[in-house]
Amino acid sequence: MSQRPHAILALADGTIFRGVSIGIDGIKAGEVAFNTAITGYQEILTDPSYCQQIITLTYPHIGNTGINPEDFESGNVNKVHAAGLVIRDLPLMASSFRKTHNLSEFLHEQGVVAIAEIDTRKLTRILREKGAQSGCIMTGEIDEEKALQTAREFPGLSGMDLAKVVSCHQSYTWTEGEWSLESGFQTPENFQFHVAAFDFGIKRTILRKLAQRGCKVTVFPAQTSADEILATQPDGVFLSNGPGDPEPCDYAISATQSLLKSNIPIFGICLGHQLLGLASGARTVKMKFGHHGANHPVQDIVSGKVIITSQNHGFSVDADTLPATARITHVSLFDGSLQGFELIDKPAFCFQGHPEASPGPHEADYLFDKFINMMQRHKNNPQ
Ligand SMILES: NC(=O)CC[C@H](N)C(=O)O
């Protein structure tokens, strides 16, 4: 490992970590976030919601199972969205019967800067204490002053509209269901629902979860108008996850407001949850270091049950600003922040965490069934 070229991670606060490069030579800035999940590095790297973020993985061994063709999360293309990767240790060997690449090969192929062999625990403590901050990975020819300056020049995610940046440019149809060891990808024989999904950075597992439940999904670019969506006569509308600050996404907020008026069933996940909040008159706030991990306990206020969830967000809907027509359905047991709500006068609900979560946990999976039931009720009894 020590023959690998040098790399540094520079933080805007002046801290410099020195390690080795496991990706391409180059320089890249972003907002540095930490994710505590033990598994799922391929899904994390390819999740469009990580656009413009440098991800630190706190689990020390990353790369053990390589990269495979099934676990991409980047919509309908196979691509890394994260700005860079920070890890403690890259294993010498990657083993999995599904593996086609090792992690380092993949990072090179995708043109991603990445640093290993740094003290990720120390880095995480800095981010927890001071909050998420801008940073920069520099590999190859090292110039520490330039790296610090590049880190400081990165403006942070507040005010950044990235949903339209990562979105598809043309609509497409999705019908492939979930993967299982026994039968590979399954595709239902009959599709009972047509879902129109806004692509603000949609994750592939969301598309698979919907298709698995009999939904033919048409995925639309982020800036599609409500009228264009309604013209396709969907049974329900899905507001996807996505990167950046939800507040500047005025096109998505106004489309959601028009769709609410039409009374069509709406389900939002993560950025989609925040957009439904903004469209209903609530405000969103930037969190100190966000929620990024796979073991976050969330209470379902309706059933009283606690579910373990996957999370990836740096903004949240301020529960105190929700309108009187919103009923809180889920709350984080880590910090009491809002995790889900539904509107009492409209068939619309949303969740801040990730019920689709590949590789899991799957305890919030029932929210997809809630959407299906909502669409079925609406089909039986259109208002
Ligand atoms: N995963 C997501 O959809 C993230 C939503 C938003 N970009 C946030 O960071 O809060």
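User: Which residues does UniProt list for "domain: Carbamoyl-phosphate synthase small subunit N-terminal"?

Analyst: The coordinates are those of a predicted model. The domain name comes from an unreviewed UniProt entry. The entry lists residues 5-138.

User: Into which domains is the protein chain divided, and how far apart do their C-alpha centres lie?

Analyst: The division gives domain 1, residues 6-153, and domain 2, residues 163-380. Between the C-alpha centres of domain 1 and domain 2 the distance is 27 Å.

User: Which element gives the most to the side of domain 1 that touches domain 2?

Analyst: The contact involves 26 residues of domain 1 and 26 residues of domain 2. On the domain 1 side, the elements giving two or more residues are β3 (27-35) and α3 (120-130). By class, that side has 9 nonpolar, 11 polar and 6 charged residues. With 3 residues, the element that gives the most is β3.

User: Why does the protein chain count as being as compact as a globular protein of its length?

Analyst: The chain holds 10 helices and 19 strands. For 383 residues the globule rule gives 21 Å, and the chain is as compact as a globular protein of that length because its radius of gyration is close to this, at 20 Å.

User: What share of the residues of the protein chain counts as buried?

Analyst: The C-alpha trace spans about 65 × 45 × 40 Å along its principal axes. Among contacts with a separation of 6 or more, 76% join residues 24 or more positions apart. Of the 383 residues, the share that counts as buried is 51%.

User: Which strand supplies the largest share of the shell around the ligand?

Analyst: The residues around the ligand include Asn312, His313, Gly314 and Phe315, as well as Ser49, Cys270 and Leu271. The shell has 4 nonpolar and 7 polar residues, and no charged residues. The largest share, 4 residues, comes from the strand spanning residues 306-317, namely β16.

User: What is the largest C-alpha distance among the residues that UniProt places under "binding site"?

Analyst: The unreviewed entry places this feature at Ser49, Gly242, Gly244, Leu271, Gln274, Asn312, Gly314 and Phe315. These residues are spread over 267 residues of sequence, yet they cluster in space, and their largest C-alpha distance is 13.2 Å.

User: Is serine 49 buried or exposed?

Analyst: Serine 49 is found in the loop between α1 (41-46) and β4 (53-57). Leaving aside neighbours within four places in sequence, its contacts include Gly201, Asn241, Gly242 and Leu271. A residue needs 20 or more other C-beta atoms within 10 Å to qualify as buried. Because serine 49 has 28 C-beta neighbours inside 10 Å, it counts as buried.

User: How many C-beta neighbours does leucine 271 have inside 10 Å, and where is its place in the chain?

Analyst: Leucine 271 lies in helix α9, residues 271-279. Not counting residues up to four places away in sequence, leucine 271 touches Ser49, Ala163, Phe200, Gly201, Ser240, Asn241, Gly242 and Pro246. Leucine 271 counts as buried, since its number of C-beta neighbours inside 10 Å is 32.

Conventions:
Residues are numbered from 1 along each chain as its sequence is written. This is a predicted model: local features need pLDDT of at least 70, side-chain atom pairs count only at pLDDT 80 or more; totals for chains, interfaces and linings use all residues. A residue is near a molecule or strand if its C-beta atom, placed from the backbone, lies within 6 Å of it. Ala, Val, Leu, Ile, Met, Phe, Trp, Tyr, Cys and Pro count as nonpolar, Asp, Glu, Lys and Arg as charged, and the others, Gly among them, as polar. UniProt positions are given in the numbering used here, feature names are shortened, and annotations may be inferred rather than shown by experiment. Domain bounds come from an automatic or database domain assignment. Two residues are in contact if their C-beta atoms, placed from the backbone, lie within 7 Å. The radius of gyration is taken over C-alpha atoms; the globule rule is 2.2 Å times the number of residues to the power 0.38. A residue is buried if 20 or more other C-beta atoms lie within 10 Å of its own, exposed if 12 or fewer, and partly exposed in between; C-beta atoms are placed from the backbone.
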